[in-house]
Amino acid sequence: PTGILLEEALVYHERAGPAATVDGAKDLSNLGNVHKALHRDAEARTAFERAIALLERAPAADPSDVKSG
């Protein structure tokens, strides 16, 4: 059941656009962990690779969004 919910969250993030990229990567990483725990190594690797690809495409943080000390 957890994997199904994560897959549904991924669909949401894919539709939400670039703003949800990091959240989508987190969901993919979580899905990878679920697959790994179930000894589905190939599926885990695919999920982790998709997470990395999303993070590589993620928009850079706007420096004005970062609060100083």
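Hi everyone, and thanks for coming. Please keep in mind that what you see above is a predicted model. Let's begin with the overall layout. The chain has 69 residues, and 25% of them are buried. Its secondary structure consists of three helices and zero strands, so if you follow the elements from the N terminus you read α-α-α. Among contacts with a separation of 6 or more, 45% link residues 24 or more positions apart.

Now let's go inside. Which residues form the largest nonpolar core? There are seven of them: Leu 6, Leu 10, Ala 25, Leu 28, Leu 31, Ala 51 and Leu 54. Helix H1 (2-16), helix H2 (21-37) and H3 each give two or more residues to this core. H2 gives the most, with three residues. Leaving aside residues up to four places away in sequence, Leu 10 touches Gly 24, Asp 27, Leu 28, Leu 31 and Arg 50.

Next comes H3, my favourite one to look at. H3 has 17 residues and reaches 25 Å from its first C-alpha to its last, close to the 24 Å expected at 1.5 Å a residue. Which residues of H3 are buried? They are Ala 44, Ala 47, Ala 51 and Leu 54. These four cover an arc of only 90 degrees around the axis, which means that they sit on the same side of H3. Here is a handy rule to go with that: an α-helix has 3.6 residues a turn, so residues three or four places apart point the same way. And what do the buried residues of H3 pack against? They pack against H2. Turn to the other side of H3 and you find Asp 41, Ala 42, Arg 45, Glu 56 and Arg 57, which are exposed.

Let's stay with charged side chains for a moment. How many salt bridges are there? The count comes to two. One joins the side chains of Arg 45 and Glu 49, at 2.9 Å from N to O. Why can these two meet? Arg 45 and Glu 49 are four residues apart in helix H3 (residues 41-57), so about one helical turn separates them. Arg 45 counts as exposed, because its relative accessibility of 58% is over the 50% cut-off. Glu 49 is partly exposed, at 42%.

The other salt bridge joins the side chains of Glu 43 and Arg 40, at 3.8 Å from N to O.

His 35 lies in helix H2. With a relative accessible area of 10%, His 35 is buried, because the cut-off is under 20%. Not counting residues up to four places away in sequence, His 35 touches Arg 40, Glu 43 and Ala 44. So here you meet both partners of the Glu 43 and Arg 40 salt bridge again, along with Ala 44, one of the buried residues of H3.

Notes. Residues numbered from 1 in each chain as written. Predicted model: local features only at pLDDT ≥ 70, side-chain atom pairs only at ≥ 80, totals over all residues. Heavy atoms only, no water. Salt bridge = Lys/Arg side-chain N within 4 Å of Asp/Glu carboxyl O. Buried < 20%, exposed > 50% of the residue type's maximum accessible area, 1.4 Å probe, protein only. Core = buried A, V, L, I, M, F, W, Y, C linked by side-chain atoms within 4.5 Å. Contact = heavy atoms within 4.5 Å. Expected span 1.5 Å × (residues − 1). Arc of directions from axis to C-beta.
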